[in-house]
Amino acid sequence: MDKLRAVLSGRDGNNDDRNAANEASTLGWGTRVKGFLVCMVIGVVCTILGVCCLFIPKIGVILFIVFYTFGNLCSLVSTMFLMGPVKQLKRMCDKTRALATVVMLTCLVLTLCAAFWWKIFALTLLFVILQVIAFAWYSLSYIPFARDAVLKFFSMLCTMCVK
């Protein structure tokens with residue numbers, strides 16, 4: 001548990017020096033884990049609730065969009081409790097995930113615009129699909145070599161389909 005705590009707080013296992021993001025945080029480790037769990041659970045519950053709302057006539061799609069987008073935002077914010085907001089924002093802007101971050105946040109905003117402002121269902125559905133893909137691609141950027149594995153899998157799949 002100490003190694004996990006050290007990695008997530010930005011320290012290596014042998015050094016107890018804290019980085020600037022953690023020094024700025026006034027929350028203790030236990031409070032940060034609780035905040036992470038609460039936000040993550042809210043995010044997952046909102047996402048599941050959104051999917052369940054799809055079956056409600058007339059307003060189900062709008063409820064899905066709101067709950068799903070809010071769920072994604074809560075899931076994204078939850079990691080800020082573990083790393084601290086400054087470190088999380090810096091990691092979001094790393095060269096390996098900057099494009100994924102911009103696409104993901106843009107899709108979140110465009111989903112809500114298409115649903116409530118433009119009121120174009122097909123466009124809303126397209127942005128929700130792009131939101132799912134962008135959030136998955138963004139999440140994969142935190143797992144070493146996961147993006148490469150996914151790209152390799154889909155390239156193999158495409159070559160099998162072409163033959």
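Visitor: Where is K58 placed?
Guide: K58 sits in the loop between α3 (29-53) and α4. The helices here (H or I, at least four residues) and any strands (E, at least two) are DSSP runs, numbered from the N terminus. As for sources, this is a predicted model, in which local features need pLDDT of at least 70 and side-chain atom pairs count only at pLDDT 80 or more, while totals for chains, interfaces and linings use all residues. Residues are numbered from 1 along each chain as its sequence is written, and side-chain values use heavy atoms, with hydrogens and water left out.

Visitor: What makes K58 count as exposed?
Guide: Its relative accessibility is 86%. Buried means under 20% relative accessible area, exposed over 50%, and partly exposed in between (1.4 Å probe, protein chains only). With 86%, K58 is therefore exposed.

Visitor: What is the phi of K58?
Guide: Phi is near 70 degrees in K58, a positive value in a residue other than glycine. Most residues other than glycine have a negative phi. F145 has a positive phi as well, near 65 degrees. F145 lies in the loop between α7 and α8 (146-162), and at 67% relative accessibility F145 is exposed.

Visitor: Why is N72 called buried?
Guide: N72 has 5% relative accessibility, so it counts as buried. N72 belongs to helix α4. Leaving aside residues up to four places away in sequence, N72 touches T47, L108, Q131 and F135, where contact means heavy atoms within 4.5 Å.

Visitor: Why are α4 and α7 called roughly parallel?
Guide: Helix α4 (residues 60-83) packs against α7 at an angle of about 20 degrees, with the axes 11 Å apart. Axes are lines fitted to C-alpha atoms, for helices over the stretch in contact, and angles run from 0 to 180 degrees between N-to-C directions. Angles under 35 degrees count as roughly parallel, over 145 as roughly antiparallel, 65 to 115 as roughly perpendicular and the rest as oblique. The two helices are therefore roughly parallel to each other. Residues of α4 including F64, Y68 and L76 meet residues of α7, among them V128, F135 and Y138.

Visitor: What makes up the largest nonpolar core?
Guide: That core has 7 residues: L76, M92, A100, M104, A134, F135 and Y138. Helices α6 (98-117) and α7 (121-140) each supply at least two residues of this core, and α7 gives the most, with 3 residues. A nonpolar core is a set of buried Ala, Val, Leu, Ile, Met, Phe, Trp, Tyr and Cys residues joined through side-chain atoms within 4.5 Å. Among the residues that M92 touches are L76, A98 and Y138.

Visitor: How many disulfides does a search of the whole structure find?
Guide: The search finds 0 disulfides.

Visitor: How many helices and strands does the protein have?
Guide: There are 8 helices and 0 strands. Of the 163 residues of the protein, 32% count as buried.

Key: Disulfide = S-S within 2.5 Å.
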